[in-house]
Amino acid sequence: MKDQYSRRDTLRLLGGAGMLAALGGVGFKASAGVKISDASALIVVDVQNCFVPGGTLPVNKGDEVVPVINAIAQKFKNVVITQDWHTKGHVSFASSHAGKKPFETTKLAYGEQVLWPDHCVQGTIDADLHKDLVIPHAQLIIRKGYHEGTDSYSAFQEADRKANTGLAGYLKERKLKTVYVTGLATDFCVAWTALDAKSAGFEVYVIEDACRGIDLNGSVAKAWETMKSKGIKRIQSSDLA
Ligand code: VGL
Ligand code: ZN
């Protein structure tokens, strides 16, 4: 009797991908069961009105990350939220460069800059966090891109690769060692944040289904390649234990 029950439990536990793995290994995911600890932090990147449909720089299906991130966030003791937070007339806006259109590029003192529609201007509703994002236990909201002459995709370091936001110091002082990056957009602020987190010495995971990309000329695929080459781990929200 006891054996019967435990066998039934085992079968139930082997549902879905687990069953596939048991049958032939096809569906097995190496990263299944990624364990969140007290030294882990979730970073929620730029889930703001500007980056969802209806905003000034909408990411395709950007709003779909909201319920995924809300669910993941409940598993984390430590959560940091970022906000793209530009001045009016910011250097990253095409409107600040005569004759330039959004999604063209220009050369700035610190290198090539993609030019964007005006977006996430400080204090506007467009720059607010998405109203359905529910993470009351998030401890820090860090803003970036607030220097008029410098962009900052990364939540750690501005595009001049000199000025730091203070996030690395914050995480280190709180003895946090592993970060899980989610949000918008995969190929810009998420990727740059993940890469800088790795450079700063953190173990880094990017949760793919909790991100959406802009994708300019294959930039999403390129971003995943670069992240992989640096040892950043690509996982799904279902991999979190
Ligand atoms: C972002 C472009 C411009 C982002 C921010 O959050 O990925 N992309 N500013
Ligand atoms: Zn921006």
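Colleague: Which backbone oxygen does the side chain of N78 reach?
Modeller: The N78 side chain reaches the backbone oxygen of D38, at 3.0 Å. This is a predicted model, so that distance is a computed value.

Colleague: And what side chain does the side chain of N78 make a polar contact with?
Modeller: That of R174, at 2.7 Å.

Colleague: Where is N78 found?
Modeller: N78 lies in the loop between helix 3 (65-73) and strand 2.

Colleague: Buried or exposed? I mean N78.
Modeller: N78 has a relative accessible area of 5%, and the cut-off for buried is under 20%, so N78 counts as buried.

Colleague: Switching to the metal. Which residues coordinate the zinc ion (ligand 2)?
Modeller: D84 through OD, and H86 and H119 each through NE2, at 2.0 to 2.1 Å. The spacing of these donor residues in sequence is D-x1-H-x32-H.

Colleague: Where do D84 and H119 sit in the chain?
Modeller: D84 is in strand 2 (residues 79-84), while H119 is in the loop between strand 4 (111-114) and strand 5 (140-144). They are 35 residues apart, and the pair links distant parts of the chain.

Colleague: Is D84 buried or exposed?
Modeller: D84 is buried, at a relative accessible area of 3%. H119 is buried too, with a value of 3%.

Colleague: What angles do the four donor atoms of the zinc ion (ligand 2) make?
Modeller: They run from 88 to 170 degrees, and the site is irregular.

Colleague: Different topic. How do strand 3 and strand 4 pair?
Modeller: Strand 3 (residues 105-108) pairs with strand 4 in the antiparallel sense, over four bridges. The two are joined by a hairpin through two residues.

Colleague: Which residue stands opposite K107?
Modeller: E112, in strand 4.

Colleague: Last one: what is the mean pLDDT of the chain?
Modeller: The mean is 91, and 87% of the residues reach 70 or more.

Colleague: Where does pLDDT stay under 50?
Modeller: Over residues 1-25, for which the model has eight contacts beyond four places in sequence.

Note on methods:
Residues numbered from 1 in each chain as written. Chains lettered and ligands numbered in written order. Predicted model: local features only at pLDDT ≥ 70, side-chain atom pairs only at ≥ 80, totals over all residues. Heavy atoms only, no water. Donors = N, O, S within 2.8 Å, 3.2 Å for Na, K, Ca; no water. Tetrahedral: all angles 85-135°; square planar, octahedral: opposite > 155°, others 65-115°. Buried < 20%, exposed > 50% of the residue type's maximum accessible area, 1.4 Å probe, protein only. Pairing = 2+ DSSP bridges. Polar contact = N/O pair within 3.5 Å; in protein donor to acceptor, adjacent residues only side chain to side chain. pLDDT = per-residue confidence, 0-100. Contact = heavy atoms within 4.5 Å.
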